[in-house]
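Reader: I would like to go through a model one feature at a time. Please give the general idea where there is one, then the case at hand.

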Amino acid sequence: LQVELSGRVARVSEDKSGDGTALALEFASLSEDKKQELETILHRVIEGHSPALLSGIEPDAPVATIRKGLDKITLPHRISLASRTNSTREREILRNDSHPQVLEALARNPNLLEPELHALLKSIHILPRTLEQIAADTRWQGRPGVLMEIISHIRAPLPLAERLLTQLPRPERMQLIRKPGLNSTILNRLRQLTR
């Protein structure tokens, strides 16, 4: 894989350990195709120098310990891994990441299972756009449990939550109305729908 780009050296610094020189490159404006090619190359380089990055992290370790281990892995690598890993163990570890981009990539992962999604939806670090992405994903449409998790999420955009309420069957609406901490607007809308 190759990509030709124009740019400039933005910064040069000596490695503190004396092992070499670090360069910071600034690229001229990139087309979407060139950007994707560059990201693919960078991911391969990062993966090539970081074998088995998650192997030292135990999924059942305390969340703080898992996050400390994840912080040692570069963000682009965590995002890349979250979007494609087919390992249940790796997804379980990455679900504890506090970076919203990692969680968004994990939500897009085609191997993600519904129980894993429910656990992911408990994270307060998920962005509203990730909740919208999950709601639009055909894998999760028509799944009342997923709809309930999205509607009741603290970061759910109000228009999204109101739209999903109309897709929720009556028994789940009745169950959701009893959930503590629900947004007052959603609670009022639920009461109207369950009359």
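This is a predicted model: local features need pLDDT of at least 70, side-chain atom pairs count only at pLDDT 80 or more; totals for chains, interfaces and linings use all residues.

Reader: In which element is Leu158 found, and what is it in contact with beyond its neighbours within four places in sequence?

Author: Leu158 is found in helix H9. Leaving aside neighbours within four places in sequence, Leu158 is in contact with Asn183, Thr185 and Ile186. For a sense of distance, Leu158 and Ser6 are 152 residues apart along the chain, and their C-alpha atoms are separated by 44 Å.

Reader: Is helix H8 enclosed or open, and how many of its nine residues are buried?

Author: First the general idea. An α-helix has 3.6 residues a turn, so residues three or four places apart point the same way. In this structure, H8 spans residues 144-152, and seven of its nine residues are buried, so H8 is largely enclosed by the rest of the structure. The buried residues are Val146, Leu147, Met148, Glu149, Ile150, Ile151 and Ser152.

Reader: What covers the buried residues of H8?

Author: The cover includes helices H6 (114-120), H7 (128-136), H9 (158-165), H10 (170-177) and H11 (184-193). H9 is also the helix in which Leu158 is found.

Reader: How many helices and strands does the protein chain have, and what pattern do they follow along the sequence?

Author: The protein chain has 11 helices and two strands. Read along the sequence, the pattern is β-β-α-α-α-α-α-α-α-α-α-α-α. The radius of gyration is 21 Å, well over the 16 Å that the globule rule gives for 195 residues, so the chain is more spread out than a compact globule. Along the principal axes, the C-alpha atoms fill a box of roughly 70 × 40 × 25 Å.

Reader: What share of the residues is buried, and what share of the contacts with a separation of 6 or more joins residues 24 or more positions apart?

Author: Buried residues make up 34% of the 195. Residues 24 or more positions apart account for 53% of those contacts. The accessible surface of the protein chain comes to about 11700 Å², and 51% of it belongs to carbon and sulfur atoms.

Key
Residues are numbered from 1 along each chain as its sequence is written. Side-chain values use heavy atoms; hydrogens and water are left out. Helices (H or I, at least four residues) and strands (E, at least two) are DSSP runs, numbered from the N terminus. The radius of gyration is taken over C-alpha atoms; the globule rule is 2.2 Å times the number of residues to the power 0.38. Buried means under 20% relative accessible area, exposed over 50%, partly exposed in between (1.4 Å probe, protein chains only). Contact means heavy atoms within 4.5 Å. Accessible areas come from the Shrake-Rupley method with a 1.4 Å probe; for residues, only the protein chains shown count as cover.
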